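Let's take a walk through this fold, going from the sheet out to the helices and the tail. Keep the model open beside the text as you read.

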Amino acid sequence: MNIKEKLKFLKVNEHNIYVIHYSCENLNDNNENISPRVTSIAALHLQSHTMHSFSIHLVAEKLHIGRDKIAENYNELEKQMLTDFYSFVRDNNGALWLHWNMSNINYGFEALSHRYEVLSGERGVRIQDTSKHNLSSLIIEKYGKDSIAHPRMKTLQNLNDGNHRDNLSGEEEVKAFQDKEFVRLHKSTMSKVYWFQSMYFLLQKKGVKVSNYNWSQKLNNLMEKSWVKLLGFIAVILTLAQAAQIAYAQLPVL
């Protein structure tokens, strides 16, 4: 499907879309595990704006584990958090998942599944690849890979009202985890999900602001506007009418 068809498909299925994002430890090698520990997951139902939260600190509260005891119970808490998340996925079988570059084992759906298998010995509920839709890729496909300066997420946040007070950078999230600021970390995860939701709606309305809006893309977007299509239709009718007049004028007089 081209970008127009993809957006049309998502538009028709908005009732079934969840916007998802998660936070984790450092994505590099300086963690206690080989793979980074998942700390929180946020899943927002696109149409109802209902947020579903899964977090180590929320599980700890349910199990009556104090803040000072969270670190020594990380494995149990992360396992239960991921168990709750995959139960949610199972309950919403057939949902579509709108995400931001959750595309590989380092950071993505496969990373979540891997952590769950490491902790529980079981495979998480598989989300079909056809049910995953990368918002970052959709924006690039719509506006062109050279239209957004790196780092792309930060550039788009600066241009499209994405600098919410709760939003932390990747480095700040890692430090928040190290400092055991779990509520602050989860609030950052949720703020990004809300921003992804707003970016999706802007994308559907062709309203995303980019840093290098090239002329070819401007022309393509202009040609999609209804009034331009109407003018084109009128021009075609006038051209056909003119051609018919010329042809009629050239008919031999009987």
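Contact here means heavy atoms within 4.5 Å. Helices (H or I, at least four residues) and strands (E, at least two) are DSSP runs, numbered from the N terminus. One thing to keep in mind is that this is a predicted model, where local features need pLDDT of at least 70 and side-chain atom pairs count only at pLDDT 80 or more, while totals for chains, interfaces and linings use all residues. Residues are numbered from 1 along each chain as its sequence is written, and side-chain values use heavy atoms, with hydrogens and water left out.

Now for the pairings themselves. Strand 1 (residues 17–24) and strand 4 (residues 96–99) run parallel and are joined by three bridges, with Ile17 standing opposite Leu96 in strand 4. Strand 2 (residues 38–45) and strand 3 (residues 51–55), on the other hand, pair in the antiparallel sense over five bridges. One of the pairs to look for is Leu44 with its bridge partner Met51 in strand 3. These two strands make a hairpin with five residues between them, and His49 in the turn has a positive phi of about 65°.

What lies across the sheet?

On the helix 7 side, Glu173, Ala176 and Phe177 do the touching; they meet Phe182, Arg184, Leu185, Ser188, Thr189 and Lys192 in helix 8. By class, that contact has four nonpolar, two polar and three charged residues. The classes go like this: Ala, Val, Leu, Ile, Met, Phe, Trp, Tyr, Cys and Pro are nonpolar, Asp, Glu, Lys and Arg are charged, and the others, Gly among them, are polar.

Then there's helix 6 (residues 152–159). Its axis and that of helix 8 come within 12 Å and cross at roughly 75°, so the two helices are roughly perpendicular to each other. Here Met153, Leu156 and Gln157 in helix 6 meet Trp195, Phe196 and Met199 in helix 8. The residues of this contact divide into five nonpolar, one polar and no charged.

Is Gln157 buried or exposed? It is buried, with a relative accessible area of 4%; buried means under 20%, exposed over 50% and partly exposed in between (1.4 Å probe, protein chains only). Leaving aside neighbours within four places in sequence, Gln157 is in contact with Gly162, Asn163, Asn167 and Trp195.

Finally, find Pro252 in the segment after helix 10 (226–249). Pro252 is exposed, with a relative accessible area of 66%. Pro252 and Lys62 are 190 residues apart in sequence and 93 Å apart in space, C-alpha to C-alpha.

How values were computed: Two strands pair if DSSP finds at least two bridges between them. Axes are lines fitted to C-alpha atoms, for helices over the stretch in contact, and angles run from 0 to 180 degrees between N-to-C directions. Angles under 35 degrees count as roughly parallel, over 145 as roughly antiparallel, 65 to 115 as roughly perpendicular and the rest as oblique.
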